[in-house]
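Trainee: I get lost when I try to see everything at once. Please pick one part of this model and take me through it slowly.

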Amino acid sequence: MNQVLEVSNLHKAFGGIKAVNGVSFKVNEGEILGIIGPNGCGKSTLFNCILGQLEPTEGAVKLDGRDVTNMRPSELNKLGVSRTFQLLQVFPELSVRENLILAGQEHEGTMLSRFFGPRDAGLTAKAEQMIGFFKLGHLAEAKAGGLSYGQQKLLDAAMAFMAGPRLVLLDEPAGGVNLTMLGDLKERLRAINAEQGATFVVIEHNMDFVMSLCSRVIVLAEGKVLAEGTPAEVRANPAVIEAYLGH
Amino acid sequence: MAEFLAYLIAGIATGAIYALAAIGFTLVWQTSQTINFAQGEFVMLPAVLVLLAIKLFGAPIWLGALIGIAAFILIFGVGFKLTIVDPMIRHGVLPLAIATMALSIIMKEGAKDGFSAEAQKFPSFVPTETISVFGAAISLQHVAIIVVAFGVIGLLQWFVGGTKLGRQMQATAQNPTVARILGIPVERMVLLTFVINAALAVVASVLISPIYLAKFSNGEVIGLFAFIAAIVGGFNQVRGALVGGLIVGIVDSMAAAYISTSYRLAVPLLLLVVIILVKPEGLMGRKEERRV
Amino acid sequence: MTAPATHGATAPVARRLPLPAFVDGTLLTLVAAAVILWFAPSGMGRYGTYVLSLWLVMSVAVMGLNLTLGYAGLKSLAQAAFMGIGAYATALLTSKVGLNWYASFAISGLLTFAVGLVLGFPALRVKAHYLAFVTLAFSTLIWLVLRNEQWLTGGVFGLSNIPRPSFFGLKLDGALAFHRFVVVVTFLLAVVLWWMIRSPWGRAFTALRENPIRAASLGIDTRMYTLLAFAIGSAYAGFAGALYAPLVEFIDPSPFSLSQSFFLLLMVVAGGAGYLLGPFIGALLGVVLPEWLRFAGSLYLIIFAAIVMLLLIACPQGMSGLLERGWTKLTGKKEGAR
Amino acid sequence: MNRHWIIAAALGMAVSLPALAQDKVKLVDVVELSGAGATAGTNWKNGIDLAVADINAKGGILGKQIEIVHYDTQTNPGNTRAAVQRAIDEGTYAVLGPVFSGPIGASMQIAQRAEIAQLVGGEAAGLTKQGNQYLFRTSLSQTAAMPKIAKYLKDTVKAGSVAVVWVNNDFGKGGRDAIIPELEKAGIKLAVDVATEQGQADFAADAIKVKNSNADAVFVYLNEEESARFLRAAKQQGITKPMVGETTLLGAKVIELAGDAANGVKGHVGLSIDAPIPAFQEFGKKFQAKYNYVSDHNGMKGYMAVYMVKWATEKQKKFDKKGVADTLRGATIKTSEEPGILIETTIETNGDLDRESFLAEVKDGKQVITATLPKINP
């Protein structure tokens, strides 16, 4: 199977603390991979190292076989890698539609065409489509800062999909979202995965969410890979049970 | 060598003055993220108020000093915090910084119109004699400033580390939210730093004015150098002000001596740029964590 | 009033009137203001005309700083220094080299743009207020060069007899003619900025200010946009300088000192950072208000500073924020009445 | 009843008419009241106010009271231009000020275009070299003063080498640029050339530099307060060589601020309230009484500027704006004609002044005049 992302022997230390300590894994095209682990096991740091937000101390990241270690986040994004953050990251002063256009505009045309061309960079239709898709229809004109938490979370996810990415890294997409919204979100993610063939890596706390969404799960503990397998395999792994109950 | 020593000692004497003025910068920055662009005027004004009190009430010098100093601490310690900082602090650094800029205009123009556009002599509490250190001349006034600058830093370090009140103040500076949860009266602690800042400005003013003379425009130079000193030394450490002040003073003196008198101001500024590029938090500063 | 950095749909006004879709309230305001300012000086005398022109020239510099600070969130303390570079470049090119004003204007803009690019690199390295410190140093260094290099800049004695431009053979030496010229140039520069702010660039600048990390994750080249915002903002200061020199017909280092950079910052914040029309209000406060307060005699600067301080205490978003607040209250009431 | 009303009305007319007929003459002073020039500008303004009060008390100019307005330039060329333009738009009879040459440079063309006399406090040599027929100084230019100092250094002080300490603004730089060729001509070596900042507070490094140069004498060309600070620093560093300077080094203000450190300082004095001229001392007393401090030379310049306007108006016997400049150009104002001019003053055709001046020395905290120098072109 075609490997979209390959992480090999990634290390990240802050002073003496080894947040990520030799993590390696591969992500296959079209799969939904879940990464779970107790608090402070290095999940978010791992994401930040993969995406160029932090400089890894050691190790390499490959995208389609090409080395992208330390590539700047914006360039990585232009190669089709998109992400969300653990904490909400929408632009509160912009409207929902503007947030979405912003998420897509750098993928169209050149700097010059972005200056002289249309104000929406030709993305209004696409934005409306995303708004519809994520059921934010009545809120297109509303400032993002005024939305409810769950709605902002949806917008946050919608922004990650705006440019039609091949690989999406989601950092705790279910955090703080109520049950109804959670169902919506899961369904949307599955749909995108099925329709567009986008590949997902999901960090999550919510075990039910991960287990029902992902086809494969990696368990991290203390900066290392503890276990890997299908949800069922992982659930049955004694080391995982130990790690979770131990905490 | 004797020549070098003379410049060095002159630089230390000047640097101590900058340090004394810079301490306040670091104090109010730590507890309330306030950049006070009126800091130089804070050092200028107490001397003017003392002279004004003497002139208006015909008071003897000690009474004039008392009235002037009390008025200053009340208005520019407590009043400044309550009327300017409090309403604006929530809105970020910039509007408040601009408001202190406006305040500096008011203080400067007020001192000029209310008192005098001329420089005035200010009585010295320290003998004006000159002593010789390794063949270099230094006045007792400058010696007093150096001693006081070190003394104030030592006192502040002791206060912050060795007293309950001081530890509460430090906790407030490091994390007001946690401090509040711990039951520390955060508001009162912040107010305390502003009062200390005003009191330090008074000390600086009384020590500096006999040498620099009391004049409405003195704050511009002192403020700029104190600001540079605070950046060089580190904005978030009180002892950064001392280190920064001394370095800037010495560099300034050396620049005048060995580089160029007309470009002497450029040298401390180039030093500042280099330090920002190499160690942005300042020589003595802590790294400030970025809140992502 | 324009809202801060909104990129909402075109104003309702534009929909009702048969105007092209890109026309919005801000553009209409700019056009109307330009027309009014074209005719305003009649009966105002040379003094009034001059103050209006000075206001517009300062507005251009403040517009640039508003782009760097208000939209992109970069704190610069060198705007007056950039204005000085533009003013000296134009003065030297027109009076010593004999180049025409238009070429000098373009060179001033390019030069300040280039210097802005170079100075912008530390902005990428150092975050937040450290850029302010670097620009503070730069500002003072430029001032020292302007003062010390007498062979080039005239030093403390300044440069005099700076010619005013002509327009297709039409002399613009008179106060009114030059004022109208300034109106046209300011209008054009404001329209360019208006266009930029509402283009995808403006959206990217806003994203840069609000959350650079998220912006980068959405493919926004934060490095490029940071440099662009800083360099374009600096170029506007250069343009302002290129207008200032022939307006005053004399320059020396004093209007380009650090304290003037502070003053420009004051105008941006007092006018309302991040509002497209804020710079005009800010420059009005900074240039016209003190002139108007002259009747108060020696106290006029104190009154001016007190007004600015009270304004910021009452509304840290500045004059534009205050007006917007008033407008929402007013329109809110109207809706309630309906 | 009716008659009473008529009388009352007539009385009213009588009271109000003179005020109407005798409308005032408006003088606008545009000067540095804030920013770097504030101290000099405030002295200039006070001098003007004193002169206006004196003149108005004695019936004004040709029976008209003077209405004086002060506009601040903030020591900024752009603002100065606005203020001078405003003054002209408001119909000022003449423009007084500014004092700093930057603001003067920014505003002199406007007064010239409006053909209105502008009486400035600037001393920089370049101002009167631009052929402006409407610009007049109120003090000697540096080109006139410096040869006298160079001669003094050579003949009286007998210095073979001189350290030059100057303030890096238009005043100090102008003075430095004027003295150095004069020193060269007199065969005196320039030991060290020290630029200092305007408003500089700390002169320790500069004093050490001067001391190390081993010059035979020090030429100090700073504003009053900086002069005082430098003298104190020089004393602290133990400089014993003679300090020679111009008006700003020997003024009463410097002596007050520098204390003992000013003793022994000598040099050339243009306008000084300590000069052995009764009118000067009289002015000094009046100024002190009104403002409670000692006037510097800028106060005297402002005072004389108003009297120059008065003299020219009375000479031409009418209020003709352009005529003021025409009358002043090339004129000699004698104290017998106009006591307010304080000292006989010749106005050259380019706007420069020629006057007697003095050599002075500070002894025991007092300025003592040691010689009177004649006019350059007596």
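Mentor: Let's start with a ground rule: two residues are in contact if their C-beta atoms, placed from the backbone, lie within 7 Å. Keep in mind, too, that this is a predicted model. The part I'd pick is chain D, and we'll come at it from its neighbour, chain C.

By that rule, the contact between them takes 24 residues from chain C and 23 residues from chain D. Look at the chain C side: helix H3 (45-71), helix H11 (222-248) and strand E4 (250-251) each supply at least two of its residues. H3(C) has the largest share, with six residues. What's that side made of? Sorted by class, the side of chain C that touches chain D has twelve nonpolar, six polar and six charged residues.

Now step inside chain D. Where they touch, eleven residues of domain 1 of chain D are in contact with 17 residues of domain 2 of chain D. The domain 1 side of that contact in chain D has six nonpolar, three polar and two charged residues.

Next, find the sheet in chain D. It's an open one of seven strands, with mixed pairing, and you can trace it in the order E7-E6-E8-E9-E10-E14-E15. At the edges stand strand E7 (189-196) and strand E15 (366-373) of chain D; each has a single partner strand, so one side of each is left without a neighbour in the sheet. Going from one strand to the next, the twist averages 25 degrees.

Zoom in on one pair of strands. Strand E14 (residues 357-363) of chain D and E15(D) run antiparallel, joined by seven bridges.

Terms used:
Residues are numbered from 1 along each chain as its sequence is written. Chains are lettered from A and ligands numbered from 1 in the order in which they are written. This is a predicted model: local features need pLDDT of at least 70, side-chain atom pairs count only at pLDDT 80 or more; totals for chains, interfaces and linings use all residues. Ala, Val, Leu, Ile, Met, Phe, Trp, Tyr, Cys and Pro count as nonpolar, Asp, Glu, Lys and Arg as charged, and the others, Gly among them, as polar. Two strands pair if DSSP finds at least two bridges between them. Helices (H or I, at least four residues) and strands (E, at least two) are DSSP runs, numbered from the N terminus. Axes are lines fitted to C-alpha atoms, for helices over the stretch in contact, and angles run from 0 to 180 degrees between N-to-C directions.
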